[in-house]
Amino acid sequence: APRGSAPEQHSLTGCVRSSRDYSAPVSFVSAGLRKGAAEEASDEDSEEDEKPGKQEEVPKDFVPKKLKTGGNFKPSQKGFVGGTKSFVDFGSWERHTKGIGQKLLQKMGYVPGRGLGKNAQGIINPIEAKQRKGKGAVGAYGSERTPQSLQDFPVVDSEEEAEEEFQKELSQWRKDPNGGKKKPKYSYKTVEELKAKGRINKKLSAPQKELSQVKVIDMTGREQKVYYSYSQISHKHNIPDDSPQQPLGKDSKPQGFALPELEHNLQLLIDITEQEIIQNDRQLQYERDMVVNLSHEIQKMSEVLSHEEKAISNLSKVLDMVEECERRMQPSCENPLTLDECAKIFETLQDKYYEEYRMSDRVDLAVAIVFPLMKDYFKNWDPLKDCSYGTEIIAKWKSLLENDQLLSHSGQDLSTDAFHRLMWEIWMPYVRNIVARWQPRNCGSMVDFLDSWVNVVPVWILDNILDQLIFPKLQKEVESWNPLTDTVPIHSWIHPWLPLMQARLEPLYSPIRNKLANALQKWHPSDSSAKLILQPWKDVFTPGSWEAFMVKNIVPKLGMCLNELIINPHQQHMDAFYWVIDWEGMISVSSLVGLLEKHFFPKWLQVLCSWLSNSPNYEEITKWYLGWKSMFSDQVLAHPSIKDKFNEALDIMNRAVSSSVGGYMQPGARENIAYLTHTERRKDFQYEAMQERREAENMAQRGIGMAASSVPMNFKDLIQTKAEEHNIVFMPVIGKRHEGKQLYTFGRIVIYIDRGVVFVQGEKTWVPTSLQSLIDMAK
């Protein structure tokens, strides 16, 4: 409605207020009770005041006209009720619930009165409502921020900044109230500022290189124009339009002084000057960097130059020395070069000019200078007469000429190592000649020769000498050797090669054994020369091959000799027995014990029985028994089978003494035999105890076990410890032995211990068993 109709409307409403229209339909309010006529009249009056009669008057409180609620929102309040309450009543609605929200917050570390978040950065008070003045749009009445948001987020509003900038720019277009002319403001730039700007902005507007001189045809205007740079397009002159000028208005003033071309040219000159200043500054900086770079380059080149000069001078000195050597090598030279002087020259090269010496071709240098001198040095040499001749000078040349890297034993590259080539080409021919004329039986001189050279000669050359030169000669000599006719024993010219050749001699041992076996076919044990020939080979042959050789060739002959032995207590011939016992160290103990069991003890026990049956003199029997026992070594007597045979003889004597009750008995015979039996048994016990003590000491020295008190020292102690743990009786059976071993009771089981193995008495024989199964059987 137009503004003029506002009073009429006001008066109309006044008329309507005096008489109510009760025929109108009933209208309901969304919440609360319908108010009285007085309240409605006051509301309508407030609405009339809000109408835009005067634009400057903006109502302070904006309350909706018809929305009246029956809750906390009352007309007399400004804003929401919740916004004005303090924080004390916050969360009071949880009185009517289970309060799970407050509990969860407290579990997560929330403290009442502080903000939410890890660092309590959240706002404390609830979000406030902002009541806007009037009916304008958002932001029309200034900032919409509340005091609380300004406190929690103290950030300047970007809209306020934009408003300030707009007002500032707007003031520039307003006319000066004083009406005076403004003085022109000039901006000055110093050369330093220009330089600083040029360092930041790397791109220059002026053309930098000739590549930017490009022909450009401009066809955008009425006429075609040609430019020689893209930058010239932006430098067009302001040409006045050809169209007639508009007639000047009343208020417009004629342009007094306008020279756009001059302004443009001045601006262009200023820009060009700026660009030149910047470009000159950059060029100056570039030149300074170039100077620094060149100075470094000069320093590096001077170092390289000095190094090269030093290398050139060193090479020239080396060349002079080599040329001097070549000059003195000529046959017509008055002062010929000797090998010692040449070695000193090479030592000087190696010490003073090490790099040049290592980098140079030493093989060619040595072949040209050293090889002729070395040939001349060894021309009258006889290796077998003077075996150490030349070892010192060759050892010196080894340090001078040998390469640092190790050469492999296969495929030698002689072209890369001067020393190996020297030894192969100069030294080896003398050795080949001397080995070709050498007799293998005269081994001492050759062995001494190789021993003196073993540390100087390269390994692969020494292997070549032993494999290709020495071994074929030895093999040929072994084939022609006959042990029956040769007076020189073979070990005298084979064994000296053992330290040098070692396993290389293995192929010779088989033919040597065959020849020895053929020679022993008609041998008799009375000939002691066989033992002298065989004894040096005992430690050379492998144990298995030696034992097989003895069992095949020697043991049968010794058995025949024992078979022929006649045991006569009155007149005993011991020669045959000595011949057999003399081989004790050569044949194994088991072989010797087998011979005695088979060929000696049956006859010996038979003679004892027949002697006891003819009322003998027991003192003589005792001496006879002890005499035969003293013929055997302790190692043989310690064997269980030999112990059993002698114990059997004691039992026979005890039975003979105890059985002849009615007949004549020599006085004191029973006591003598009992004393002898007791003494012999005690010796056996002492020997066993000594053996057990020795085994325990050996185990302690090996470090088996942690402590002597806690860990058993031998197998018997271990069984005793286990028996104590399981409450089993373990004790020796007095006077009971089996094969010389003491019998023990382990619970109800009878056992004996042999070399760390437990034997249990079975139905027919003794059975070996483990300690755990023994404990199970005893339980």
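View 1. Tyr-509 is buried, at a relative accessible area of 4%. Buried means under 20% relative accessible area, exposed over 50%, and partly exposed in between, with a 1.4 Å probe and protein chains only. Trp-537 is buried too, at 0% relative accessibility. This is a predicted model, in which local features need pLDDT of at least 70, side-chain atom pairs count only at pLDDT 80 or more, and totals for chains, interfaces and linings use all residues. Residues are numbered from 1 along each chain as its sequence is written, and side-chain values use heavy atoms, leaving out hydrogens and water.

Rings of Phe, Tyr and Trp (its six-membered ring) pair if their centres lie within 6.5 Å; planes under 30 degrees apart are stacked, over 60 edge-to-face, the rest tilted. The count comes to 39 aromatic pairs. In one of them, the ring centres of Tyr-509 and Trp-537 are 6.1 Å apart and the planes stand at 75°, so the pair is edge-to-face. Tyr-509 belongs to helix H18 (residues 506-519) and Trp-537 to the loop between helix H19 (529-534) and helix H20 (543-553), so the pair ties together parts 28 residues apart in sequence. Helices (H or I, at least four residues) and strands (E, at least two) are DSSP runs, numbered from the N terminus.

**View 2. Charges over rings at Phe-541 and Phe-646.** A charge sits over a ring if NZ of Lys or CZ of Arg is within 6 Å of the ring centre and within 35 degrees of the ring normal. Arg-513 lies over the face of Phe-541, 4.8 Å from the ring centre. Lys-629 covers the face of Phe-646 at 5.7 Å from the ring centre. Phe-646 also belongs to a cluster linked by ring pairs, whose members include Trp-604, Trp-611 and Trp-628.

View 3. Two strands pair if DSSP finds at least two bridges between them. Strands S3 (residues 730-738) and S4 (residues 741-746) run antiparallel, joined by 5 bridges. His-738 stands opposite Lys-741 in S4. Between these strands are 2 residues, and Glu-739 takes a positive phi near 55°. S4 also pairs with S5 (residues 749-754), antiparallel, over 4 bridges. Here Tyr-744 faces Ile-751 in S5. In the turn of this second hairpin, Gly-747 has a positive phi of about 70°.
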